[in-house]
Amino acid sequence: MSTHDEFAESLMQEASVCPSGLTTWNGSDPFQRFAVYRNNVIVSLIDALADTFPVTQALVGVKFFRAMAGQFVRAHPPRSPVLTLYGDLFPSYVCDFAPASALPYLGDLARLEVSYVQTYHAAEEESLTISELSKLLSNETTLSQVRFTLHPSINVVRSRYAVVSLWAAHQEMSPEKVLVSIRPDVAEAVLLIRQNLDVVVVRIEHGAAEFIENLHCGAVFANAVSTAFPFNLETTLALLLRYGAITHYNI
Amino acid sequence: MIQSPSDGFCLVDAAQTASTRLPCRAGIGLKPEHFREVISEQPDLGFFEIHAENYMVAGGPFHHYLEIIRSRYPLSIHGVGLSIGGQAPLDEEHLSRLAILLNRYQPEAFSEHLAWSSHGGTYLNDLLPLPYTASSLSQVCEQIDRVQERLGRPILLENPATYVQYTASTMTESEFITQVIRRTGCGLLLDVNNVHVSSVNHGGDACEYILGLPLDAVGEIHLAGFAEEVDTKGAPLLIDNHGAPIAKVVWELYAFTLGLTGPKPTLIERDNDVPELRVLLTEAQQADAITRRLFPNLPSTTEPQKASV
């Protein structure tokens, strides 16, 4: 085992021992000093998650969140030094995290938060103008065979729970006033897209979210509109046009 | 890179140290919470420094604001994730991301750490210590050669703040750094706070440490705050947390250092509990005041300026 193997292993273990080969000038316990590194690693990674998941943290409280995040950090440490997008596996970890099972919506809410960060940092791309698209949209035969490319910043989240309302409540100064009126077991869906420098979060119908997901996966228009849940195609298209959600198409 | 005298008072230094073209004034770390204020207020500062990894994103506001700010100020890019002191070969993917970022923003300086932060495919998000031996020396030198070759420029290497030492070490940190600089031709990012922290933590003398370094290679100085704890023998154990104002003792060590090196680009580093912009600007002014006190004959600079390219 190399020096760094042992050091790295001890950093990530919950009950760890002091790696061998460390010394201190005054004979003080090297493990206490080594613990500074352990603390830096775990705390900084928990902090990174807390930055990405502020509403998840608010819903369970700081203490619970940090304990859950700490376990996640040890189970799924980052693979890359680019931490901005660290935590993409956190939502599914939260879903399966037994102590949080009383809040079944927590994992989906975390998914919304990670989508928000992805949208915020996504690539730039010019949108097609309404005039470029209007001709296409008016010819039904052509339209049915079109594949659209959506803006890289687009994300869609669908949930069996009211995660959009819960998230929105936490953007208010006093979330508790709004939270009391939210029924968590109402299904909600949301579209996230960047407009100028801001992330726009738009509540949409479930079927519309499915439609957008289908487009995103490269389905031709005629197939993309066939969704399990009904939705208003006209308002959905209007929404996509208003936010410049379409960047390319091919027939 | 020869600078014209109108670019400030860096003429001699720029000729000696090609690894930095930053002006010899104080700069601060650029924080997202200050983006808008920096753009609207245009504070008079020597430069801004960013952490490379925070800008390794495809698009969005970070690049938008950095583009604007970079067009107005000299820029230093500081990497925290290259793991130069690691035992595995460098992460070429990460090195490519760095090359793209440097190519895009053309910073006046690029720096990294004498430390490791990745191991076995895991990123540990801290600057971890390495033993100072003949074998780690050749490994570090190979890594730096590779970085400099890939990035097509000399880098500045930062001395670490450490909490433990290795029994296997056969040379002091100053000796190790000196050898690295001699062999690779990289420059030195002298973190004066790290010198103080490590000296206290290992019962050493900060001035002696600094005197043991190749000071002609200093391309930039870092100043930051630390937290204080005690070890199991009751001796002070300082933690380099970048979360506090710069301590008086570190300001004094800074003045001592400048007396030896001459004026240097100096960063006020604050990554935790980031205060309002004006607080960081005040610390930058304090650093500039020390330079002016020590070198009263230097031309004063009042406008934000860019070093010549």
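Guide: The radius of gyration is taken over C-alpha atoms, and the globule rule is 2.2 Å times the number of residues to the power 0.38. This is a predicted model, where local features need pLDDT of at least 70, side-chain atom pairs count only at pLDDT 80 or more, and totals for chains, interfaces and linings use all residues. Residues are numbered from 1 along each chain as its sequence is written, while chains are lettered from A and ligands numbered from 1 in the order in which they are written.

Visitor: OK, what is the radius of gyration of chain B?

Guide: Chain B has 18 Å, which agrees with the value near 19 Å that a compact globule of 309 residues would have. Along the principal axes, its C-alpha atoms fill a box of roughly 50 × 40 × 35 Å.

Visitor: How many helices and strands are in chain B?

Guide: Chain B has 10 helices and 13 strands (DSSP runs numbered from the N terminus: H or I of at least four residues, E of at least two).

Visitor: And what share of chain B is buried?

Guide: Buried residues are 50% of its 309 (buried: 20 or more other C-beta atoms within 10 Å of its own; exposed: 12 or fewer; partly exposed: in between). As for contacts (C-beta atoms, placed from the backbone, within 7 Å), of those in chain B with a separation of 6 or more, 76% join residues 24 or more positions apart.

Visitor: How many residues of chain B are in contact with chain A?

Guide: 41 residues of chain B are in contact with 41 of chain A. On the chain B side, helix 3 (61-72), strand 5 (116-119), strand 6 (122-128), strand 8 (165-166) and strand 12 (236-239) each supply at least two residues. Strand 6 of chain B gives the largest share, six residues.

Visitor: Which classes are on that side of chain B?

Guide: It divides into 17 nonpolar, 20 polar and four charged residues (Ala, Val, Leu, Ile, Met, Phe, Trp, Tyr, Cys and Pro are nonpolar, Asp, Glu, Lys and Arg charged, the others, Gly among them, polar).

Visitor: New topic. At what angle do helix 9 and helix 10 of chain B cross?

Guide: The axes of helix 9 (residues 248-261) and helix 10 of chain B cross at roughly 40° and come within 10 Å. These two helices of chain B are therefore oblique to each other. The contact is made by B:Trp251, B:Tyr254, B:Ala255, B:Leu258 and B:Gly259 of helix 9 and by B:Ile290, B:Thr291 and B:Leu294 of helix 10. By class that is six nonpolar, two polar and no charged residues.

Visitor: What do "axes" and "oblique" mean here?

Guide: Axes are lines fitted to C-alpha atoms, for helices over the stretch in contact, with angles from 0 to 180 degrees between N-to-C directions. Under 35 degrees is roughly parallel, over 145 roughly antiparallel, 65 to 115 roughly perpendicular, and the rest oblique.

Visitor: Where is B:Val274?

Guide: B:Val274 is in the loop between strand 13 (266-268) and helix 10 (277-294) of chain B. B:Val274 counts as partly exposed because it has 16 C-beta neighbours inside 10 Å.

Visitor: What does B:Val274 touch?

Guide: Leaving out residues up to four places away in sequence, B:Val274 touches B:Lys31 and B:Glu33. Its C-alpha atom is 9.0 Å from that of B:His242, which is 32 residues apart along the chain.

Visitor: Last one, chain A. Which residues of helix 11 are buried?

Guide: In helix 11 (residues 206-216) of chain A they are A:Gly207, A:Ala208, A:Ala209, A:Glu210, A:Phe211, A:Ile212 and A:Leu215. Among the elements of chain A they pack against are strand 4 (188-195), strand 5 (198-204) and helix 13 (233-242). Just after helix 11 of chain A, A:Gly218 has a positive phi of about 95°.

Note on methods: Two residues are in contact if their C-beta atoms, placed from the backbone, lie within 7 Å.
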